[in-house]
Amino acid sequence: TAFTLSQSLVAGGMSGLTELDLSYNMLGVERTEGDALLYPVAISIGQVVRSSARTLKLLKLSHNSLRCSDLETMLRLLAPTALTTLDLGGNALCDQGADALVGLLGEYPHLRHLSLRDTKLTDACMPALVCHFETLESIDIAFNSFSPSAATLIAERLKTNSVLTSLDVSFNSLGHSGIEALEEALPILSAVSGGGWEAGRRVVTLKSEGNSQFIRFGSRQTAAASRSHAPEF
């Protein structure tokens, strides 16, 4: 179980970790009414991660039923780390959770890859969240509820991002205008899987299918087709 795992990690003195994948567990699922499983499971795991603060580079917490309070507690337990990759996809963080995340991202100066895929985010969180996009190499915000106005904010911020190679905005509600704003902001769009650099020029992979402005989950033809397949974390 997740609880047994956390006990084993602590007992084993797992310091010096570089990667930790806890995806598809139940860190945020209620054990009993009013008692979240986050305690003491995630707290114990947080202690392990904290002991690896100078070495941990990849942390996957996707699909754990984490809520806003869970996320804030978990990330505060981690303390400043050397994280380069953080995957929170598939958790119902909502805008409140995104706001909590924004307050903590400053503690991860080396973060380069962020996944907030399918976390129930809307335009309300984007003005604060987008401030942290300038130094990211890959951003996954697919399967949320962002509109063309959010795309405009992202496009403006990405004009000053000189390292981005992958952006996944699939299955939002960006519409034609939102996708066009992103395309104009990105230096070079590529059909090459993975993006990266090509002949000394930066190549950005943009994945944008499923962005009809008015129909998000319908079966009609989407407003923007995928430019390539963005790499998974």
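Confidence in this predicted model is lowest in strand E3 (residues 35–36), with a mean of 46, and highest in strand E6 (residues 113–115), at 97. Across the protein the pLDDT averages 77, and 67% of the residues score at least 70.

- Where pLDDT is low, the predicted coordinates should not be read in detail.

**The sheet**

- Seven strands form an open sheet with parallel pairing, in the order E1-E4-E5-E6-E7-E8-E11.
- Strand E1 (19–21) and strand E11 (205–207) are the edge strands, each pairing on one side only.
- From one strand to the next, the twist averages 5°.
- Strand E4 (residues 58–60) and strand E5 (residues 85–87) run parallel and are joined by three bridges.
- Leu59 has Leu86 in E5 as its bridge partner.

- Lys57 is located in the loop between helix H2 (38–51) and E4.
- The relative accessible area of Lys57 is 44%, and the residue is therefore classed as partly exposed.
- Neighbours within four places in sequence aside, Lys57 is in contact with Thr18, Ala82, Leu83, Thr84 and Thr85.
- Between Lys57 and Leu17 the C-alpha to C-alpha distance is 8.3 Å, although 40 residues separate them in sequence.

**The aromatic pair**

- The count of aromatic pairs comes to one.
- This pair consists of Phe143 and Phe171, which are stacked, at 4.7 Å centre to centre and with 15° between the planes.
- Phe143 belongs to the loop between strand E7 (138–140) and helix H6 (148–158), and Phe171 to the loop between strand E8 (166–168) and helix H7 (175–185), so the pair ties together parts that are 28 residues apart in sequence.
- Phe143 is partly exposed, at a relative accessible area of 29%.
- Phe171 is also partly exposed, with a value of 24%.

Conventions
Residues are numbered from 1 along each chain as its sequence is written. This is a predicted model: local features need pLDDT of at least 70, side-chain atom pairs count only at pLDDT 80 or more; totals for chains, interfaces and linings use all residues. Side-chain values use heavy atoms; hydrogens and water are left out. Rings of Phe, Tyr and Trp (its six-membered ring) pair if their centres lie within 6.5 Å; planes under 30 degrees apart count as stacked, over 60 as edge-to-face and the rest as tilted. Helices (H or I, at least four residues) and strands (E, at least two) are DSSP runs, numbered from the N terminus. Buried means under 20% relative accessible area, exposed over 50%, partly exposed in between (1.4 Å probe, protein chains only). Two strands pair if DSSP finds at least two bridges between them. Axes are lines fitted to C-alpha atoms, for helices over the stretch in contact, and angles run from 0 to 180 degrees between N-to-C directions. pLDDT is the predictor's confidence in each residue, from 0 to 100. Contact means heavy atoms within 4.5 Å.
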